[in-house]
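Subject: Structure handover

Hello,

Here is the structure I said I would pass on. My notes on it follow below.

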Amino acid sequence: MRKVYITGVGFITSIGNDAIAVTESLRELRHGMVQYPPFQKPEVPVKVAAPIKDFQTATTDAEDWIFPARYNIRRETLRGMAPHGIYAYCAMLQAVEDAKLTEADWSNPDTGLYAASAGSPFLLGYHLERMRKLGVMRCPPLGIVASISGTVNFNLVSQFKIKGASTGFSSACASSAHALGFAYDEIARGRQNRMFVIGAEDGNVESILPFAGMRALSLQTDPAIASRPFDVARDGFVGTGGATVLVLESEEEVQRRGPKVYCEVAGWGQASDGYNVAISHPEGHGLRLAITNALKYSDTTAEQVDYVNAHATSTPIGDISEARALKSIFGQSPTRPAVSSTKALTGHGLSLAGAMEAGFCALAMKEGFMPGSAHITKLDPACEGLNIIRATLPHRPNVVLSNSSGFGGANVVLVFKGAN
Amino acid sequence: MAHVANNSSGIPLKTFTADDDANLREALKRCSAATYEAAAQFRKTGNTEHLPAIVLGIIERYVEPDLRAKLKDTDDDLRIIEDLGIDSLTMMEIVILVEDVLQMTINNEELRHLRTVGDVKTFIECKVSGLPLPKPTKFMPIEQIMSVMPIQPPFLFLGEASVNAHGANAKYKISGQEFFLQGHFKDNPVLPASIMLEALGQLAVLFLLEGQVGEAGRVVDHRTIFFTSCEGVRCHRVCKPGDVLSLSIKPKRLKSPLATFEGQIRVGQEKAAIAEEITLTFAFAEEVAQPAPEAQPAPATTAGQSQAAVNA
């Protein structure tokens, strides 16, 4: 098996629209929540979300959208994209620049692209309404590719002229962690030399609010405490969107090109709860097995793990089952490893979450810190016995796990190691 | 063209309400003000004179800004895909907006044949006025030209060609490998004037075979086409290897057994040669007794005669 490294990152997130801003927010524990204007209506019980700043994508007409001046996007590129397609496109530009890649490096049969998003319920709803009202022949010809799940890979593969493996992943909140895991496999097994991994979500009314129906969203009105994983008073997650792009390369490519290296992707594991369509197993059985597999496949022992970026979304049930899974692996050790949930800062990015948090781990390992688990006033007693860090620690973790769990009880655990 | 559509072309006019006007403004919000004005006038009066402005205005909105200058030339031969960078999906966006603005329905099959700005304008005018649609411009790559022409390399002087009811256009690049350039002239290759006239004659042959000559369903027999005469041939420019000839012919009179064309050749913007009249004879397939396959070799336009005419 060949070694695999992360050599480039790109971020459009609620806590920053590039790696520098995101690093600062993670270190300083600056969150991205606001009282989201479209939610400020009497009939909407949810008030807080973590939207993307400096982009305006609220209309169904992509030509009305506004984005930062550094991105110049032509109409023919825009027309097939959802809001999160634009986020992914911009993050992709950052990532190829960060990894110092030229088009010749990425447009070849040895470079692939795996992506994950839930599609755009916002555009899908608009197009279906138009079809019902005006007839199918008056619907925009690119309405489908802009709105269905897969829209990110359709668009970026064609726009960046990707010639290698490409597909999308659909396991809800574990989707882009799956994308990263399988991208790792492609390189480790020698099928590809380089993979782009992308997670993205619209993070707007249509992608967030339906979760209120299943009572999964926080009803807090104060943006500063709405997302507080592991706190005893947590009452649900805060929705967010955006995009993260990671560049994975083989060790041969790293030696040949000499890019900076964030960290090694050392392996991954997955397992399923086989329990409930939407609720995680109360004892965290699936996640526990996924961690066990990830450690096994990356030749890592539980004792070596320095930091765990938890999935913890701030829901009452989910956080406890993850805490139980972690305790069953790491025992009742109060010192190791450090555990935090960066969703306290970003909100929950759904299909975006896995790639975004993998990107956070890459930043932490390169810059030498472990982001704290923000907004905890009183730790849930069920989480005692874990080293949940309340403040950012100025130490470089050498072995890091990133957990993701999705609907249907899909659990994915990624393992990163210091590049030296 | 009909001036007031509901008088002469019988288009029923629907009332144009304030709501319709608001929808029209919204639909055309990214088009020029003139496009909206023309569309509003058309919807109020049915006057089809507004159609070219509406259609051009809608096409312009979908052309990338750096290519829009091309539309200002109002060249009906501008190709939608090759010259304006519009792909088939954008073409659909254009159609949807045209349908919305002109309150009409266009089906996919009709769309496939629209290749130039002129095709689109003619098509919309015919649709709105309820006239039969003309045959669209046919674009022929070299392989297709060779499959229909009785003349073959090394004596075929047409590259890509386009043919419609009004004439034909073709390009020919002088490669420098043409066999006659070895001796014409010594150490100074120049395309013979006779070959320029031959190339125009060949384009006229292609028009007779692929254009719309005579009533529908009648086909010109390629074995019956021969050169008869030419008039007013003048050469203005010496053409050498590397030059790309832009050939065009237009029919002046078409009545079996004679077809008379005017033709010209340009290299870029420079006039290279004109022929006021080139006349060919031809016959329709059903008028020709079927000869034994080998009885008559496939003829070229009679280059010898044309050469004589040029030299005269």
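This is a predicted model: local features need pLDDT of at least 70, side-chain atom pairs count only at pLDDT 80 or more; totals for chains, interfaces and linings use all residues.

Chain B overall

Chain B has 10 helices and seven strands. Of its 312 residues, 32% are buried. Taking the contacts in chain B with a separation of 6 or more, 64% are between residues 24 or more positions apart.

A helix pair in chain B

Two packed helices are described by the angle between their axes and the distance between the axes. For helix H2 (residues 18-27) and helix H3 (residues 33-45) of chain B, the axes come within 10 Å and the crossing angle is roughly 150°. Angles over 145 degrees count as roughly antiparallel, and H2(B) and H3(B) are therefore roughly antiparallel to each other. The crossing of H2(B) past H3(B) is right-handed. On the H2(B) side the contact involves Asp20(B), Asp21(B), Leu24(B) and Arg25(B), which meet Tyr36(B), Ala39(B), Ala40(B) and Arg43(B) of H3(B). By class, the residues of this contact are four nonpolar, no polar and four charged.

Nonpolar cores

The largest nonpolar core has 116 residues, and the members that touch the most others are Ala88(A), Val197(A), Ile198(A), Leu246(A), Leu248(A) and Leu414(A). Helix H15 (residues 353-367) of chain A supplies the largest share of this core, 10 residues. Another core, of 42 residues, lies apart from it; Ile151(B), Ala199(B), Leu203(B) and Ala259(B) are among its members.

As for Leu248(A), leaving aside residues up to four places away in sequence, its contacts include Val4(A), Ile6(A), Ala183(A), Tyr184(A) and Ile187(A). Arg194(A), Met195(A), Val197(A) and Val265(A) are also touched by Leu248(A).

Between the chains

Seven residues of chain B are in contact with six of chain A. The chain B side of this contact has three nonpolar, no polar and four charged residues.

Regards

How values were computed
Residues are numbered from 1 along each chain as its sequence is written. Chains are lettered from A and ligands numbered from 1 in the order in which they are written. Two residues are in contact if their C-beta atoms, placed from the backbone, lie within 7 Å. Ala, Val, Leu, Ile, Met, Phe, Trp, Tyr, Cys and Pro count as nonpolar, Asp, Glu, Lys and Arg as charged, and the others, Gly among them, as polar. A nonpolar core is a set of buried Ala, Val, Leu, Ile, Met, Phe, Trp, Tyr and Cys residues joined through C-beta atoms within 7 Å. A residue is buried if 20 or more other C-beta atoms lie within 10 Å of its own, exposed if 12 or fewer, and partly exposed in between; C-beta atoms are placed from the backbone. Helices (H or I, at least four residues) and strands (E, at least two) are DSSP runs, numbered from the N terminus. Axes are lines fitted to C-alpha atoms, for helices over the stretch in contact, and angles run from 0 to 180 degrees between N-to-C directions. Angles under 35 degrees count as roughly parallel, over 145 as roughly antiparallel, 65 to 115 as roughly perpendicular and the rest as oblique. A crossing is left-handed if the near helix is turned anticlockwise from the far one by less than a right angle, and right-handed if clockwise.
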